[in-house]
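User: I would like to go through a structure with you, one topic at a time. Could you start once it is on the screen?

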Amino acid sequence: MPRYNYYCEECDDYFELVHSMTEKLEDCIACESPSFSRVPSIPAYMQKQKIEKDSKSGDLVEEYIKLNKQSVKEEKQRLTNKSYKDEG
Ligand SMILES: [Zn+2]
């Protein structure tokens, strides 16, 4: 089945829907507003937002690695000081 892009003015959001060619959706699937119309494509800036989100999480990953390195160091020190009596 073909894929269609819709835009809802009420939600101010884009929807990617899969339905048959004969079917035509006129109400928003989320808020049932009739301000729901088919658009040729989801604009690039909407897709850019997604990429920005990804790069943000990329920064988070980097931050996490830094923290993790620190905690690995701490963990090593902890293990060095730890006596085997504490295990199990
Ligand atoms: Zn809506």
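Analyst: Apart from its neighbours within four places in sequence, Ser33 is in contact (heavy atoms within 4.5 Å) with Cys8, Glu10, Glu26, Asp27 and Cys28. Please note that this is a predicted model: local features need pLDDT of at least 70, side-chain atom pairs count only at pLDDT 80 or more, and totals for chains, interfaces and linings use all residues. Residues are numbered from 1 along each chain as its sequence is written, and side-chain values use heavy atoms, with hydrogens and water left out.

User: Where is Ser33 placed, and is Ser33 buried or exposed?

Analyst: Ser33 is in the loop between strand E2 (13–18) and strand E3 (36–39). Strands (E, at least two residues) are DSSP runs, as are helices (H or I, at least four), numbered from the N terminus. With a relative accessible area of 8%, Ser33 is buried; buried means under 20%, exposed over 50%, and partly exposed in between (1.4 Å probe, protein chains only).

User: Which residues are the protein donors of the zinc ion?

Analyst: They are Cys8, Cys11, Cys28 and Cys31, each through SG, lying 2.2 to 2.3 Å from the zinc ion. Donors are N, O and S atoms within 2.8 Å of the metal (3.2 Å for Na, K and Ca); water is not among the atoms, so sites may look incomplete. In sequence the spacing of the donor residues is C-x2-C-x16-C-x2-C.

User: Why is the arrangement tetrahedral?

Analyst: The 4 donor atoms subtend angles of 105 to 112° around the zinc ion, so the arrangement is tetrahedral; for four donors, that term requires all angles to lie between 85 and 135 degrees.

User: How accessible are Cys8 and Cys11?

Analyst: Cys8 is buried at 0% relative accessibility, whereas Cys11 is partly exposed at 30%.

User: New topic: how many aromatic pairs are there?

Analyst: The whole structure has 3 aromatic pairs. Rings of Phe, Tyr and Trp (its six-membered ring) pair if their centres lie within 6.5 Å; planes under 30 degrees apart count as stacked, over 60 as edge-to-face and the rest as tilted. Tyr6 and Phe36 form a stacked pair, 4.8 Å centre to centre with 5° between the planes.

User: Which parts does the pair tie together?

Analyst: Tyr6 lies in strand E1 and Phe36 in strand E3, so the pair ties together parts that are 30 residues apart in sequence. Tyr6 is buried at 1% relative accessible area, and Phe36 is buried at 5%.

User: Which residues do ring pairs link into a cluster?

Analyst: Ring pairs link Tyr6, Phe15 and Phe36 into a cluster.

Methods
Tetrahedral: all angles 85-135°; square planar, octahedral: opposite > 155°, others 65-115°.
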